[in-house]
Amino acid sequence: MADSIAPIVAAEEKLQQQADKMETDKMWIIMGPQHPFSHGLWTLKIKVDGEICVDAEPIVGYLHRGWEKETENRTYPKIIPMADRLCYAASMTYTHLYCMTVEKALGMDIPEKAKYIRIVADEVCRINSHLMWLAAVGTDLGNLTVFLWAMREREYFLDLNVKLCGARMTTNYPRIGGVRNDTTELFDRDILRTVDRFEKALWEIIALMDDSSIIVSRMKGISYITREQAANVGLTGPAMRGCGVDFDIRRDDPYDNYDKVDFEVPVLTEGDSYARYMIRTEEMFQSCEIIRQAVKKIQALGKNAPYRVKAPSRVPAGTHFMRMEDPRGESLMYLVSDGTDKPYRLKVRSPIFTNVSSAKLQCQGVRIADVPAVLAQIDMCLGETDR
Amino acid sequence: MAMKYLEKYPRSTARGLWVIKPQWHVLKLFAKTVFHRPVTVLYPYEKEWVPDNYRGRPGLDFDKCVGCGMCARMCPTACIKIVDSEAADGKTVKRPQVNLGRCAMCGYCAEYCPVDAMTVTPEYELAEFTRFDLLYGPRRLAYDKTTEGMKVKLEVTLQSDIDNGNAERRVSVFSLDRPELTDAKCIGCKKCAKVCPVDAIQMVEKGTNEKTGKPILRPVIDEVKCISCSNCIDDCPKDALVMKEVL
Amino acid sequence: MDTSAVYQKPTEEEVKTLLTERFPEVEVTGTEARRVFAKLPREKVREVCQYIHDNLSFEHCSTVIGVDYVDHLTVVYHLSNYWNGLMIELSADIPNDDPHVDSVTCIWEGVNWHERETWELFGIVFDGHPKLERLLTPQTYEFFPFRKSYKLRGQE
Amino acid sequence: MISVVVEYTSILDFIDFNGQYVMDNAYYPFEDVYNLPFAISYGLWKIIGGALAWLINLIFPENPVSDWLMSEPVCVLLSLIIFMLIVFIVVFVCTLISLWMERKCLGRMMDRRGTMVGMKGFLQCVADGLKTFMKENTIPKKVDNMTYMWTVSLVIGVSVLLACMIPLSQRWFVVNYDSGLLIIMAFFALAPFFILVSGWSQNNKYAMIGGMRAAELMISYEVPMLIMIATTALLAGSFNIGDIVDAQYETVWYFIPQIIGFITFFFCATAESERVPFDIAEAEAELVEGWQTEYAGMKWGLIMLADYFRGYVACAMVTIMYLGGWALPIIGNGPIPEIVFLLKTWFVFFLMILVRAALGRVRPDQIVNIGWKVFMPLSVINLAVVLLLKVGGFFRWL
């Protein structure tokens, strides 16, 4: 009997070998810079085998303005509006980071009230940025309603920005030695109301996202990244915490007064796209908590507490760096000063620059339809990537 | 402190009909917006309320301005240029001109104006047909509905005051820093007195030069009049004047 | 201290002693709360980084920064530990006429783009880098725009 | 044909309505069924052609042309042309209304206003049409020109033809086939072939993937749809649309016994008309515009319109098969059954808008999975239920 089967088995094996060897043509698809998925000017080249992506290569640099070189030409206060333009969604955090770095170089301590106001402004900015990201994820998954609902909520926070510092997005609010102006009248009332309202509205958006099996199944179980990989390729921020790295600069390396407010750092070990989504959503709730606590602290400090200290115009020579938890990850500024009123070199470490460099890791084995949904979790912003 | 969202989600995949809830929420909003108005603002017809400190285009109080050039010095995009302009009494005075094509609306000009002549205004509809139209001269910069909130005050607390337990004292930056003369470097060229916008510098005779017999002139700064614009420091050919910072 | 053991949460003092004991060339210039600053010769960069990564559990390299001090170039590495938030700043001086340093991309993959960026902007060549090409600036550039010799308009 | 030259004196001799009922015409094309749009167009031709004949007769008295114009076969022929126009315009306006409805409803669901140009935003459709027609007709250099143009015109043409073939009532139809549903289904299933070819011809990777996906979609959703059509025909005992509606009026609306089939068919129809959440062929997040990427200007505008035609057809099919067509439960046909039918169709379209607003896009592999592993068994279960009801004689008691 074995003899009669043997040729058939051999033929089958041969066929199997042929099938294994058979190679379909792989093609490069170039997405961007004019593509609805690229939220900004960048290109993603993906190599696809049928519908499955096997390789990816991001191309950035269309927006390279030489930001770091430009700063060498300007006095210290003039760089603050420029730092706003690093990222339109997280302008407050970059200004804050810049001011912190210069303050560190000056060795000065800023008033308590300024620290808390900066925390409030930062967290509002974080919510803004996360809402923008939520909107992007919604559209990339094909649901425009999420986009508009998230943008609607963001509008209320932008109104808060207008009331606080007179501009919606390029806030230009933190200053070296404090903040631009004191909190305006009734600001604490407005912000608490907005936050309360926002939490209710966020549940509605979550109902659209998490209670829809279509959207969950689009994110669940794709683009796995392990903890070691995440740390090694330099993923930071929510993307990293979704992969199981329990690290948040606000908690583990606190700056300003983050060690005096109580909040949780969400960490998930799943490592898929959905985990990264969930981290950001939880962070919005935690930001609301931080805002509530910080506003209480501001109220306790009283109306006449100092909010801005006069800073000298010249920075003593030396090298200093500061890092902070940007909405998208770890941002770092490295300042080389030479004793004049202009920086000798200012380097910005943008979280997205590193996050997007790991696009290959994130996209491998993912279908074309999921590439936008996976890369939306980076929360792309080209202003800071290209600088 | 506890997680709010991660406590409830992710929901178990076993829940049936998992597409009903989003539709219910959408339908709820639909029912609401059919009778109420949606949140969008019909822009050209309706406009959003903006607060006093809204940073639109810069505004200028022509008579208040002293032409010190502080705005031009602090402007991060270098869009402000000090130009000669004719005052009401026929004199030629220096006043800022703003190129709104480059303006980043950062509000530094209003913030650093020592006499509060420069203000922020809530005007943001600035489209013009040509780039030339975007040049706002000193007269065109005037904004007649200026309120107190539009004049951005630059008030700071001094570190020394905080250390002394006097933390609630706030002072204007422009009443603190004064230029200081290094006598040995000064050549008495009178340049500082010429460029001073508020005439705070008087050239005072301090003895006679032994070789040439000419009088030795030295600037004396009126501390009350000075607005610490540092024009004299910039124009000093021998770096004899230095800003003495009070911290 | 045992320089070959693996430390998951080294303190500032431990890092200082371990580094100086293991590598006599490394000069620790200062420590702050959660910060260690060190200076090292450029030949030792990969070796020290490998040690910091493997034995001191510094899983993440934040940045690679190039600085042009006119008379020499400097590369600065910021390494961070995810277990206790400690950061090491390593800086290595590089002579102008031979701008070469070992790449650490094989240790931390995330450094890849930072090294490319540093190369294109400062002309510091990272030996052993998998793809040392221009990233932000156009491929046709033949100069290094962030060096001090490249003057901007308005810079004297 | 020999015509007797008669002496005509007034225009009313030409425009002659008395004693001439449309169905009395020997060449009446719809046998013994009254057709409202044909009657209208017949009357219209009587007016237009009569006036024309009178004019010709005025200039050249006693010529045979005037008589020929008013003769029975010519009347039928020319009123058929007007009939086509009327049917098309009605369908066109219905589609524009559903387009407007989508924009407005979707806007309200997203907390915005939707279109605002004239007549509560309805004129935006006209403005869009004008805009796309004004645009430059660009054709990429390296496309296969023949298939590129042919397939898109076929996609549009088939969709329009399909929409025109939907009967609005017993008296408003184009052809009264016994296999009405099957014909509609056949035409409905035709467009994806053209999409596949068109995606290939454009020499563009996005378009090609889009075309492939359209084929994927077609293969997985046609089968359950056909099964459900067969189920409905089984229940009604006929493929004729009029018979199906009558059967529903006599018993119950079929969405009650066929609730599973109703939901399944609704989603299948959504998928067939390539609307969110099943619009993978033109998934704008990853494929720019899918198979429409290289079509610009007028062609693109017509493709978008064709999409809405197909959406309208899908809704109409749901209405016919499950919601009782133009008949109301107790009233029956009512005075204007066409309005009843359109209202029902728009209601189904509203459900589609709701689904679009609430859900995201499904991945291609998931779509095939859903098609074969969920909708296919569901349609078979539906068939089994209907068989049980039919065999059990449930419908005899009603």
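Colleague: Is Asn203(D) buried, exposed or partly exposed, and how many C-beta neighbours does Asn203(D) have inside 10 Å?

Modeller: The general idea is to count the other C-beta atoms within 10 Å, a residue being buried at 20 or more, exposed at 12 or fewer, and partly exposed in between. In this predicted model, Asn203(D) counts as partly exposed because there are 14 C-beta neighbours inside 10 Å. Asn203(D) sits in the loop between α7 (191-201) and α8 (205-236) of chain D, and the phi of Asn203(D) is positive, about 60°, although Asn203(D) is not a glycine.

Colleague: Which loop holds Val70(C), and what is the phi of Val70(C)?

Modeller: Val70(C) belongs to the loop between β3 (60-68) and β4 (72-80) of chain C, and the phi there is near 65°, a positive value in a residue other than glycine. Val70(C) is exposed, because 9 other C-beta atoms lie within 10 Å, and the cut-off for that class is 12 or fewer.

Colleague: Which chains have the most contacts between them, and how many residues does each of the two give?

Modeller: As a general idea, the size of an interface is often given as the accessible area lost when the parts come together. Here the description rests on residues in contact: among the 4 pairs of chains that touch, chains A and B have the most contacts, with 39 residues of chain A in contact with 38 residues of chain B. On the side of chain A that touches chain B, two or more residues come from each of α3 (79-84), α6 (144-165), α7 (187-209), α8 (213-219) and α12 (273-301) of chain A, and α12(A) gives the most, with 5 residues. By class, that side of chain A has 18 nonpolar, 8 polar and 13 charged residues.

Colleague: How many residues do chain D and chain B give to their contact, and which element supplies the largest share of the side of chain D?

Modeller: That contact takes 11 residues from chain D and 12 residues from chain B. Both α3 (72-109) and α13 (337-358) of chain D supply at least two residues of the side that touches chain B, and the largest share, 4 residues, comes from α13(D). The residues of this side of chain D divide into 7 nonpolar, no polar and 4 charged.

Colleague: How far apart are the nearest C-alpha atoms of chain C and chain D?

Modeller: Those C-alpha atoms are 24 Å apart, and the two chains do not touch. No contact joins chain B and chain C either, and their closest C-alpha atoms lie 11 Å apart.

How values were computed: Residues are numbered from 1 along each chain as its sequence is written. Chains are lettered from A and ligands numbered from 1 in the order in which they are written. This is a predicted model: local features need pLDDT of at least 70, side-chain atom pairs count only at pLDDT 80 or more; totals for chains, interfaces and linings use all residues. Two residues are in contact if their C-beta atoms, placed from the backbone, lie within 7 Å. Ala, Val, Leu, Ile, Met, Phe, Trp, Tyr, Cys and Pro count as nonpolar, Asp, Glu, Lys and Arg as charged, and the others, Gly among them, as polar.
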